[in-house]
Amino acid sequence: MTSPTIASSSARVRRRGLLGLLCRFGAGPPAAAQSPALNVVHRLEHREADGRTTVIIRGTVTPTFTVYKLERPGRLVVDLANSTVKGYDDPVEAETWAVGLITASRHLDDRSAVARVTIGFRRAASYQVRAVGPAVWVEITAAERPPAARPAPSADDAKARALRREAESLVGR
């Protein structure tokens, strides 16, 4: 009869031997145990067309993110997991029809790294978010359309007004 300490130590040896064989033939630790590359958010861009603002959050790797909308004040929050922010200490002033300020911050602790991008709304809006390669594209559409822009008066308009005034003054004599 073997003693319990000898049996348990031989089981440990067998487990170590099995692990050694797996490592020798190219099987390493499970993929979940390997830490993925840190995403570095390095650029925030914004564009406006027809009352729709597109915010592009550029990183270094394909992002994993969570998006949620908050009210009072209206804003959209994009949290990028396993990410940090480089070069954005001050807010970006988009000042479009739909978007006011865009801020980026990082939240780090010993368990996680999260980059947070907050997009402030200037008015009620809807949004769509999608990943495109290492970037996150956020399209914000204001609920109300922007007012139609008035064309700037041209020199021809000024000449026409002057001729009309002159004609009216001649008729009035």
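Leaving aside neighbours within four places in sequence, which residues is T96 in contact with? In this predicted model, the partners are H46, E48, T53 and R122.

## The T96 site

T96 lies in the loop between β7 and β8. Its relative accessible area is 6%. T96 therefore counts as buried, since the cut-off for that class is under 20%.

## The open sheet

The sheet is open and holds 5 strands. Their order is β4-β5-β9-β8-β7, with antiparallel pairing. The edges belong to β4 (65–70) and β7 (92–93). Each has a single partner strand, so one side of each is left without a neighbour in the sheet.

Within this sheet, β8 covers residues 99–108 and β9 covers residues 113–121. The two pair in the antiparallel sense over 8 bridges.

Strand β10 spans residues 125–132, and strand β11 spans residues 135–142. They run antiparallel and are joined by 8 bridges. A125 stands opposite A142 in β11.

The hairpin has 2 residues between its strands. G133 takes a positive phi there, near 60°.

## Rings and charge

What does the charged end of R123 sit over? It sits over the ring of W97, 3.5 Å from the ring centre. As for aromatic pairs, the count comes to 0.

Note on methods: Residues numbered from 1 in each chain as written. Predicted model: local features only at pLDDT ≥ 70, side-chain atom pairs only at ≥ 80, totals over all residues. Heavy atoms only, no water. Pairing = 2+ DSSP bridges. Helix = DSSP H or I, 4+ residues; strand = E, 2+ residues; numbered from the N terminus. Phe/Tyr/Trp six-rings, centres within 6.5 Å; stacked < 30°, edge-to-face > 60°. Lys NZ or Arg CZ within 6 Å of the ring centre and 35° of its normal. Buried < 20%, exposed > 50% of the residue type's maximum accessible area, 1.4 Å probe, protein only. Contact = heavy atoms within 4.5 Å.
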